[in-house]
Amino acid sequence: MKKLFINIGQLVQVRPGNKPLRGKTMNKLPVIKNAYLITENHKILDFGKMSDMPVFNHKEVIDLQGKLMMPAWIDSHTHLVFAASRAGEFVDKINGLSYEEIALRGGGILNSAKKINNIDFDTLYRQSARLLTEIISYGTGAIEIKSGYGLNTEGELKMLRIIKKLKKNYKLPIKSTFLGAHAVPSEYKNDKKAYIELIINDMLPVIAQEKLADYIDVFCEKNYFTPEETNLILQAGARYGLKPKVHVNQFNSIGGIEAALNNKAVSVDHLEVMTENDYELLSCSDTIATVLPGCSFFINIPYAPVKK
Ligand SMILES: [Zn+2]
């Protein structure tokens, strides 16, 4: 069924094509005054000025009477499913500990993982659904949600099954990302290779079989996963059709962008620490640079050099 929207006062941020914008092309915000827009099965078919509108058949007409129409907020990087907040770490931070020191003490991601594995499915689902409802009320129209606080087969599957249930019960588009390689769990501290094998040989086949993920992610960072390990995990994901979205360059530039681009990543996320070589690589690719200013604000680290 076609839906025709007419008499749109201002149609904002609609442009032909689907390539990510680069450099100066981002300077311009397209606005069409007194516009129409037609959709079919939730996809935009055509748009333009009311005065240029062709005749459309078989449509439902919605008259906007001069109102503004713009895209909803698309949140492409979230960790919406979690058992308990990390607010307690503020005390560690006030006492002068760095993110890395908190993580090395078993705080941070590892601490969150312990909590995920101790909470039952229904409680975790209810908490996640409450948060999702809240962010929808703020204007989020599409969202990506990651696993990554399970760090064992059972915990990771639990998180991904919760995301799958959210997909089923909510109308907004939800994409799911498998982030088993978010950190190395303490029991594998001295045998990271075995944990990577667990991800590849135990978790991925079940995830693929139950269709639990759209993307695969790795935290490529010192004390987490190297570019070589990232490459191995992304390639394993690709064998099941999972596209990469990768955490890179949050604290150090260690070759994560290159590894992500070699695997045709949809996005590279964080980018607080960038080298000239990183800019060069990224500017020649179609991979989307995702920055997380909320994260910089929250953990008090430098912001990504967005202008550059
Ligand atoms: Zn993240």
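Which side chains meet in a salt bridge with lysine 308? The side chain of glutamate 276 does, at 2.7 Å from N to O. The close-ups below cover this pair and others. This is a predicted model: local features need pLDDT of at least 70, side-chain atom pairs count only at pLDDT 80 or more, and totals for chains, interfaces and linings use all residues. Residues are numbered from 1 along each chain as its sequence is written, and side-chain values use heavy atoms, with hydrogens and water left out.

**View 1. Lysine 308 and glutamate 276 form a salt bridge.** A salt bridge is a side-chain nitrogen of Lys or Arg within 4 Å of a carboxyl oxygen of Asp or Glu. Lysine 308 lies in the segment after helix 10 (293–299), and glutamate 276 lies in helix 9 (residues 276–283), so the pair ties together parts that are 32 residues apart in sequence. Helices (H or I, at least four residues) and strands (E, at least two) are DSSP runs, numbered from the N terminus. Both residues are exposed. Exposed means over 50% relative accessible area, buried under 20%, and partly exposed in between (1.4 Å probe, protein chains only).

View 2. Strands pair if DSSP finds at least two bridges between them.

**View 3. Strand 9 (residues 215–220) pairs with strand 10 (residues 243–248).** The pairing is parallel, over four bridges. Tyrosine 215 has lysine 243 of strand 10 as its bridge partner.

**View 4. Lysine 146 forms a salt bridge with aspartate 217.** Their closest N and O atoms are 2.9 Å apart. Lysine 146 sits in strand 7 (residues 140–146) and aspartate 217 in strand 9, so the pair ties together parts that are 71 residues apart in sequence. Lysine 146 is buried, at 0% relative accessibility. Aspartate 217 is buried too, at 1%.

**View 5. Lysine 192 meets glutamate 229 in a salt bridge.** The N to O distance is 2.7 Å. Lysine 192 is partly exposed, at 22% relative accessible area. Glutamate 229 is buried, at 17%.
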